[in-house]
Amino acid sequence: MIKYCLIPAVLLWFAGLAVFNRYINSYENDRETKTDAIIALTGGSNRIKEAASLLNEGYSSTLFISGVEKGVSFNEIVNVQKLDIHSGNEVIIERASKNTVENAIKTNEWIKDNNIKSIRLVTSNYHMPRSVLEFKSQNAGVKIILNPVYSDKVSDKWWKNWGSFVLIASEYTKFIIVYAKISILSWLTDKE
């Protein structure tokens, strides 16, 4: 009996994974809109470098980097990432968050304290769907421009590369969990 329920669930999960992969590789980059701040989430390659480039190109005059390890200075980030940040731009480093949920919470605190109405969210393409869910659950009123970063460490043919498969599959599974959590909490709130 269990295997008859399990097989359709596994097939549905794989079908969803294929749709998820197609979605995360089909973003249209908005290179027109300027925002009140650029938000970069640490953790993936080239995220901070992309955010610094956007800052220098004038998409915002403020960059908020969320999830920097304690003890890592701004100068270390600049040196390790080989960044060139033009003077006159503001860079804020947030060190308290350790995961995507905390990124959204800590960033949202800063957004509210600074009356930010629009952000450009910079994170890896595979991380974007879950990040957007978390950010919108913290502050539905802020306008979010998606700025995905594509890593050359993640294979385009993820199903043929074990490391890429595990990364995409785990991110898809986390996305499903967050989506379910937010949907249930929203439903419970509406019932009250």
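In which loop is the place of N46? N46 sits in the loop between β1 and α2, the latter covering residues 47-56. In this predicted model, the phi of N46 is near 70°, a positive value in a residue other than glycine. N46 is partly exposed, with a relative accessible area of 35%.

N115 also has a positive phi, about 55°, although N115 is not a glycine. N115 is found in the loop between α4 and β4. Its relative accessibility is 52%, and N115 therefore counts as exposed, the cut-off being over 50%. For context, most residues other than glycine have a negative phi.

## Overall fold

The protein chain contains six helices and five strands. Along the sequence these elements follow the pattern α-β-α-β-α-β-α-β-α-β-α. The radius of gyration is 18 Å, close to the 16 Å that the globule rule gives for 192 residues, so the protein chain is as compact as a globular protein of that length.

The C-alpha trace spans about 65 × 45 × 35 Å along its principal axes. Among contacts with a separation of 6 or more, 77% are between residues 24 or more positions apart.

## Nonpolar cores

The largest nonpolar core has 27 residues, and the members touching the most other members are L17, I39, W110, I119, L121, F135 and I168. At least two residues of this core come from each of α1 (2-24), β1 (37-41), α4 (100-113), β4 (118-124), α5 (128-138) and α6 (162-191). The element that gives the most is α6, with four residues.

F135 touches I39, L41, N103, A104, T107, I119, L121 and I144, leaving aside residues up to four places away in sequence. A second, separate core has 18 residues, including I38, L55, V68 and V122.

## Surface and charge

Of the 192 residues in the protein chain, 41% count as buried. The chain exposes about 11,300 Å², and carbon and sulfur atoms supply 56% of that area.

Charged side chains number 23 positive and 20 negative. The centres of the two sets lie 6 Å apart.

Technical notes:
Residues are numbered from 1 along each chain as its sequence is written. This is a predicted model: local features need pLDDT of at least 70, side-chain atom pairs count only at pLDDT 80 or more; totals for chains, interfaces and linings use all residues. Side-chain values use heavy atoms; hydrogens and water are left out. A nonpolar core is a set of buried Ala, Val, Leu, Ile, Met, Phe, Trp, Tyr and Cys residues joined through side-chain atoms within 4.5 Å. Buried means under 20% relative accessible area, exposed over 50%, partly exposed in between (1.4 Å probe, protein chains only). Contact means heavy atoms within 4.5 Å. The radius of gyration is taken over C-alpha atoms; the globule rule is 2.2 Å times the number of residues to the power 0.38. Accessible areas come from the Shrake-Rupley method with a 1.4 Å probe; for residues, only the protein chains shown count as cover. Lys and Arg count as positive and Asp and Glu as negative; His and the chain ends are not counted. The place of a charge is taken as NZ of Lys, CZ of Arg, CG of Asp or CD of Glu.
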